[in-house]
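Student: Could you take me through one part of this protein slowly, as if we were looking at the screen together? I'd like to see how a single piece sits among its neighbours.

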Amino acid sequence: MAGMALMLILCLSAGAMTGVRSEDPYLFFTWNVTYGTLSPLGVPQQVILINDQFPGPVINSTTNNNLVINVFNNLDEPFLLTWSGVQQRKNSWQDGVLGTNCPIPPGTNYTYRFQVKDQIGSFFYHPSTALHRASGGFGGLRINSRLLIPVPYPDPEDDYTVIVNDWYTKSHKTLRSYLDNGGSIGRPQGVLINGKKAEGNGKDEPLFTMKPGKTYKYRICNAGLKTSINFRIQGHTMKLVEMEGSHVMQDVYQSLDVHVGQCMSVLVTANQEPKDYYMVASTRFIKPVLTGMGIIRYSNGKGPASAELPEAPVGWAWSLNQFRSFRWNLTASAARPNPQGSYHYGSINITRTIKLFNSVSRADGKLRYAINGVSHTDTETPLKLAEYYGIADKVFKYDTIQDNPPEKINKIVTQPNVLSMTFRNFVEIILENHENTMQSWHLDGYSFFTVAVEPGTWTPEKRKSYNLHDAVSRTTVQVFPKSWAAIFLTFDNAGMWNIRSELWERRYLGQQLYASVLSRARSLRDEYNIPDNALLCGLVKDLPKPPPYKLAQVASSEKVSRPSGKASSRASKPSSHSTKSAQPSSRGGLSSKSTEQVGQGAAHSTEEVSRGKFKSPAEDKETSGTGMEIVLLGDQSPEVSGESAPVPMRTEPEGSEGIPAKIGGKRPASSGKSASSPVTGLFMEVDIRDRSLRESVDRRIEEARLEENISATSDARGNLVAAREQIQSLQVELHSALEALKKAEEKTAETAKHTSSLEDELSRTRNVLQEADERAATLEVRCRGVLEQLSSMTEALKKRDEAVTRKLKSSANLMP
């Protein structure tokens, strides 16, 4: 009976806690990754399909949605997917690269679980293992704005995803063998748009349809291996509205350069003659130029597309100038209600500058690419797992490259390349390209401000040319030949994050590194625990799991302690300015789960499992999304696997002693017998347990409230700092405007004085011209007189000649 009473109390407590706050919606997907045979360029070849689709299914999500994606690897090689542009806040466990995850073995599956927290925009996913990306396995990933957040343009008629990419007719295994044997994959054989290339014979089926007069949103991503692509639409202009999660100033373009790994969104209005039109994607910076086409059809169209294609730009100076035209939309709201421009990145002190330059060389007779002289090699034990399990010294060393490397490095070293970063430091990264080829860089886990992309070599004086006002926040940046780029970001997302070349040949051969960002507190406020379904491999496969992170009330002021056996961490001067940090996400625990099933190969499978070999739902209830998570209440802080402890609803005690409400009607009255009475002893035991349970619950409530107060205070403080910064910025702008007005008035007065001087000069010039006219008139009169005299003299000479002629004739007649 006592056990039943305690169970009822536990159930009621759990019910109270589940009623406080519901989680954000869940989207469930089940993906089967297989090989298939298609002919994208007219030649049958092996491709990688997801649910028999090439490209793979488009993920259509909304800010803060939780995505649960169960990936079944039916290939003959280990496989991973990464989610390019998704920041994976506090959750590098789901990043899907070999530095954080063990690959999914053939014939097994793995379930990714992550939240698209505080993000909007256009992104894509793709394989991160070997050269699988060369054969497909990629697709679009949309993160739509929540309804309560205004978007800076009217809702389009429809939303289309356009995946453009260079393409090779060789299989991914053949291309990988080229690289493993010391060679290169060479140049691509063609360009695809959504996995196809229009033949231009009038028989091509349309990729998209538009209604006359309507406006459509096109999300364009370059999922290729090594080639920048120029995208344009025959007869139509494109209004750029978003780039990799940021709203931008809405300028109109005839064509756009989309570099490898980049995404952008444009609005296109169907305002032309109703017929077919070509989308055109052509390679940049290589010869010969390769072109791919796709059909857009008007719904009432009656004619084929014109064979005359819009011309592509030439040279990279054009592309650089186009980049300079991109500007952040400071007044638009992104994932949150506050305007994008409320974050003044240009006023934050830089605590560390890191210069990264790419190079190419040969190591042991084979082609290798490097960053600061180190060519990264993947380890059997993922770097993040080695760090989490405390065996980093057995797998890699930190900081093997310098922040400011020498201009020339004679020898490339092949080893893991890991930089240690101080949590929440504001860092400047310089990307220098000493080669004659285009580069494209991507950073997982973050977005950054691209404050400059310029030709030449970077020096500290170049900071004077930085855009510290409205540079676009994005996840990928191009660096032109013999040029450099500068980016700003705050390393406020704990985890192990990949910084890589998006040119996949270069990444595979070493042009990548990892940034290790460890929190001082090792708390769930900063980073999630390792998932229960995490795949283990290498040295950690059989090790016991380390103690999980717990919620910390106050972060330690001491520096982070990294695993032993590494190079010493760099000491960075903390910034005197506040930096933007991620807000706490929705709480987990015993909250109710609002679920949404997606039909595009996405309905939650009854065979979904969390790890390892295929299992039934009964063997793994957690993946079904319908089971209840049980949290035991005790005297100590709970060890939870979610982001934070659940927040129970406070229930006032019925009695003065804090005893909860009675269960099952009236409590039996005391009979006055000794305490040894079985009934009395039973209820006294229940009361003691009830009181202890209530005290434990009360402590949990107070802890949760304290946690919420800390979070709310931090949020309010951050908002206050942002408001103060905005006021200061407005004051500076007002002062600048007044100064500009004063200078304008001075310039106006100077201009008026100069105008008066010009008028005097003009008057003098008019007088001179008048005198010149008079002299010209006089000369004209004199000339006429001279001409008349010449005419008279000519006549006289003529008469004289005639008289002489007559005399000569007369003389001739008189001669005998």
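**A helix and what covers it**

Tutor: Let's start with helix H3: the cover over its buried residues includes strand S16 (252-253), strand S17 (255-258), S28, S29 and S30. Keep in mind that this is a predicted model.

Now zoom in on the helix. H3 spans residues 316-324, and its buried residues are Ser319, Leu320, Gln322 and Phe323. Look down the axis of H3 and you'll find these buried residues within an arc of 160°, so they line one face of the helix. There's a handy rule behind this kind of picture: an α-helix has 3.6 residues a turn, so residues three or four places apart point the same way.

Next, pick out one of the covering strands, S28. Strand S28 covers residues 448-455, and six of its eight residues are buried, so the rest of the structure largely encloses it. Who are its partners? One is strand S29 (residues 473-474), which pairs with S28 in the antiparallel sense over two bridges. Here Phe449 has Ser473 in S29 as its bridge partner. Another is strand S31 (residues 483-490), again antiparallel to S28, this time over six bridges. On that side, Glu454 has Trp484 in S31 as its bridge partner.

Leaving out residues up to four places away in sequence, Ile429 touches Ile354, Leu356, Ala485, Ala486, Ile487, Leu489 and Phe491. Ile429 also belongs to the largest nonpolar core, which has 64 residues; Tyr218, Leu240, Ile429 and Phe491 touch the most other members there. A second, separate core holds 49 residues, including Ile50, Val116, Ala386 and Ile391. As a general point, in soluble globular proteins, nonpolar side chains tend to be buried together.

S30 belongs to an open sheet of five strands, in the order S25-S33-S32-S27-S30, and the pairing is mixed. Strand S25 (418-422) and strand S30 (476-479) are at the edges with a single partner strand each, so one side of each has no neighbour in the sheet. From one strand to the next, the twist averages 20°. Inside this sheet, strand S27 (residues 439-443) and strand S32 (residues 495-501) run antiparallel and are joined by three bridges.

S3 runs parallel to strand S8 (residues 139-144), and four bridges join them. Look for Ile59, whose bridge partner in S8 is Leu141.

Finally, here's a residue out in the open. Asn410 lies in the loop between helix H4 (383-388) and strand S24 (413-414). Asn410 is exposed, with a relative accessible area of 79%. Now find Ser361: Asn410 and Ser361 are 49 residues apart along the chain, and their C-alpha atoms are separated by 9.3 Å.

Terms used:
Residues numbered from 1 in each chain as written. Predicted model: local features only at pLDDT ≥ 70, side-chain atom pairs only at ≥ 80, totals over all residues. Heavy atoms only, no water. Buried < 20%, exposed > 50% of the residue type's maximum accessible area, 1.4 Å probe, protein only. Pairing = 2+ DSSP bridges. Core = buried A, V, L, I, M, F, W, Y, C linked by side-chain atoms within 4.5 Å. Contact = heavy atoms within 4.5 Å. Axes fitted to C-alpha atoms, helices over the stretch in contact; angles between N-to-C directions. Arc of directions from axis to C-beta.
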